[in-house]
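Welcome, and take your time with the sequence and the model below.

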Amino acid sequence: MVTIMSHISDYFEQFNSSLTAASQSSSQSLDVSSSTNKIPLTFYVFDFERYSDEMGTLRDLRTYMIQRWHNSFFFALAYLFLIYTGQIYMKNKPRFELRLWLAAWNTLLALFSIFGGMRVLPELIYVISRHGIKYSICNNSNAFGVVGFWTWAFCFSKLPELIDTVFIVLRKQQLIFLHWYHHASVLIYCWFSYQDYSSTGRWFCSLNYIVHGIMYSYYALRALKFRIPRWVSMVITMLQLTQMIIGCWVNLQAWQYKKNGEICQVTDENLKVSLIMYGTYFLLFAHFFLGAGFGLFTRMQIAKGSCVCIYKGKTLRTIDAIRLKDKSYLMRLGPQVYVDPCDDETILGRYINDPRNRLLQNVIFDKRPEEQCAYVIAKRDIAAGEEIFADYGRCAQLLNNNTLENDNSTAASRRTHQITTILDGLLKNYDAHIRPNFGEGPTKINFDILVSSFGPIQDIDMSFTMNCYFRQRWRDERLQFAEEVGVLSLSTRMLERLWRPDTVFHNSKYSYLHTIPTSNRLWRLFPDGSIWYSSRITVKARCNMNLKNFPVDMQICKFLIGSFANSASDIQYGWRLGNNNSVSFDTKVLLSQFDLIRYPQYDEIVDINGRNFSMLRVDFVLKRHMGYYILQVYIPSSMLVMLSWVSFFIHREATADRVNIGVMTFLSLATLSFDIRNYTAAVSYLTALDWFVIMAYAFLLASLLQFAFVHYFTKFGYGEPLLRYHDSIDSLVINEDNGQTNRDYKTNSSLFYPRIQNINKKKSQPERKLCLGSIRYYLRQFWFCLSGNDSYKRALRKRASRFGINSRSKLDGFARIAFPLCFALFNILYWYYFLHLQS
């Protein structure tokens, strides 16, 4: 950090020395004596002015502006982007007052500009009086000392001055092209000029400090609600125009000096850019000054609904209105009735301006053709000193020489005029903040819903989506009119001026109103004051699902409708066509994984935080399709279980084959179960599908454990057998225990195949004793296997070594029957439980 600061210090020393040499050379060329290099005396010099080149923060900022002046382009682009997005963001939001903040900001800028003008203006006057105009334009001695500091402060201040536009955006005021173009372009030009210390900056800084000091003082007083005469704002605009003219003159003088071969410390590029900038400023300010008009301002606060003034004048017929040359103030009051206050300057209504922004309009015209005038009515409370704005595009129908009104109005035009008159009368004293039947009972809101599309239903986030036409109907007795007029179907803009219920979807995750190609809303006004409001809405709502029986489950997705803030004593909801007929579907609902069984409707009173709210509920009962899960989960899992039974038909000496079958089926089921979790919700309990997969795991694990028993307790030989036999060696063990064996070998080629059998052919013992003996043997054998009896295993090895082979195990024979029967029994119980008992 110290190294960086030393480099910056060295840079400034070299830069100042070079500028001093250039200043001396230019002074010689301009035939100025050494005494002319003196700077005018200042009453008091502050430390931050005297040592600004040595103070770390100020030195870094000046270095940054010199080396990174091109960053001003990024600042200007960011400024334009932010004001554009800010206007979009504030479009549907209430304006911020920010009056005190605005007053403080304008006061700060006014003090800064006044103090800066006091520091640089004496130097300009001194240079002009001692050295002349040419020296003041072409010598950049103002880049150093006290004036040099305030020149830098002037250029740097163009960046925080962008905050002026922030107040305009947040207060939803009119943002004209002149404002943002001036702020963005002057920022870029000031930073561009400062990096080469243009000599013309002496004039530009002085003029701008003076004009800004007066302008921001005026803005601060206006923000504090001081009454400022109208001519003050006109004087400020004229001062700005004068500044632009002087700026163009300075640039042209510098250009002429350079053209004559004289030294002038400003580049040609700077002169071109500056001349274009000041020229466009002059044109824009002149257009603003001439096109804005004088305007009409209030002297005192005016309440909403009060009459501000009367728009009247000479009454004209249609033919006379067409012949007028100047139609600037002409207003149409009705058929064959026009008023023109052009010749009477005492009529205040003629001075009302059109802001071209409906958010700034604070009055409306109440046209009364029978009185041959129009009353200017306040739309809202108007503060003292605020300018009056009205929308001439809608309220006044001006004529030009190419238009002619048809005196014989058609039936359609007469009906339009009739409807306009009715609506104006209904809304004249209407207060949209008060609900119908206020103080007499709750306002009844009737609903019906037409569903155009339903689904999808998501298990993962437990939600469902619905596209519907949402229809509300209520009655407002304040809007009654004659029955012969009929039903009025009007623009939705009219709806913004009426009272509407604050209806919300309580279990909605998000919802939106369709606005393509236009806002999908419709409202109709009936003669008895009933309002029918329909809108097309897409809703994604929460559905609390119980997935314990998944995928043989049935779900109930609830759709809750109610008021956001009004309790049941204020707003009462009900189904317009009854509890079972108010929800309908445009077409038959076809869902990929569900069947819509029924959709009953209910109206109920719900307690929320100690308050009773009227609420409507629709229960969409959904039954899941099982076909997908049977094909993708149940059948593959069952086939893997059946595949594991193949190992029971393989001789126990084929260890690798039987192990591979068990392990591969187990891993295949694990892969399948991982894939299942991708489209099921992560719940903390076991679903029906989980139980089936778990039992499939259990059957596969049992087949592996079965072979482990066979391998450990009954397999004693090694390698591939050379002999085969018909009966198990286990039977030999039984017979040899009784001393009864017989060997009958068959010769086939060079191999011997022993047949081991029981030679006890006598039928003297009853068959019941034989069965009991076999049962005792199997139980004894099973107990020896479980307990790991060493003497039993040695006896088996001793008898098996006589043949050198392993025979077929009876455990395999038992498993071939037991496993399929158990799996079939499990499926019977599983499907019976979930399909019948759970439903």
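Predicted model: local features only at pLDDT ≥ 70, side-chain atom pairs only at ≥ 80, totals over all residues.

Residues are numbered from 1 along each chain as its sequence is written, and side-chain values use heavy atoms, with hydrogens and water left out.

Let us begin with the cysteines. A disulfide is a covalent bond between the sulfur atoms of two cysteines; here the term is applied to a pair of cysteine sulfur atoms within 2.5 Å. How many disulfides does the structure hold? There are two. If you number the bonded cysteines of the protein chain in sequence order, the pairing reads 1-2, 3-4.

Look for Cys138 and Cys264, which are joined by a disulfide with an S to S distance of 2.3 Å. The angle about their S-S bond is -85°, which makes the link left-handed. Cys138 sits in helix H6 (residues 133–138), and Cys264 sits in the loop between helix H11 (230–259) and helix H12 (268–291), so this bond ties together parts that are 126 residues apart in sequence. The helices and strands named here are DSSP runs, numbered from the N terminus (H or I over at least four residues for helices, E over at least two for strands). Are these two cysteines buried or exposed? Buried means under 20% relative accessible area, exposed means over 50%, and partly exposed is in between, using a 1.4 Å probe and protein chains only. Cys138 is buried at 2%, and Cys264 is buried too, at 7%.

Now move along to Cys543 and Cys557, where a disulfide has its sulfurs 2.1 Å apart. This link is left-handed, with -80° about the S-S bond. Cys543 is in the loop between strand S13 (530–542) and strand S14 (554–563), while Cys557 is in S14 itself, so the bond connects parts 14 residues apart in sequence. Cys543 is buried, with a relative accessible area of 1%, and Cys557 is buried at 0%.

Cys307 is partly exposed, with 39% relative accessible area. Cys373 is in no disulfide either, as its nearest cysteine sulfur, that of Cys307, is 8.7 Å away. Cys373 is buried, at 6%.

Next, the strands. An open sheet of three strands runs in the order S1-S6-S5, with antiparallel pairing. Its edge strands are S1 (307–311) and S5 (363–368), each of which pairs on one side only. From one strand to the next, the twist averages 25°; axes here are lines fitted to C-alpha atoms, for helices over the stretch in contact, and angles run from 0 to 180 degrees between N-to-C directions. Two strands pair if DSSP finds at least two bridges between them. S1 and S6 (residues 373–378) pair in the antiparallel sense over four bridges, and Tyr311 stands opposite Ala374 in S6.

Finally, turn to charge. Side chains of opposite charge can pair when their charged atoms come close. A salt bridge here is a side-chain nitrogen of Lys or Arg within 4 Å of a carboxyl oxygen of Asp or Glu, and a search of the whole structure finds 19 of them.

One of these joins Arg435 and Asp570, at 3.6 Å from N to O. This pair links distant parts of the chain, 135 residues apart: Arg435 is in the loop between helix H15 (411–427) and strand S7 (443–458), and Asp570 is in the loop between S14 and strand S15 (571–575). Arg435 is buried at 11%, whereas Asp570 is partly exposed at 24%.

Asp476 and Arg478 also form a salt bridge, with their closest N and O atoms 3.0 Å apart. Asp476 is buried at 1%, and Arg478 is partly exposed at 31%. In the salt bridge of Arg617 and Asp619, the N to O distance is 2.9 Å. Arg617 is buried at 14%, and Asp619 is buried at 7%. To end the tour, find Asp366, Arg368 and Glu371, which are linked in a network of salt bridges.
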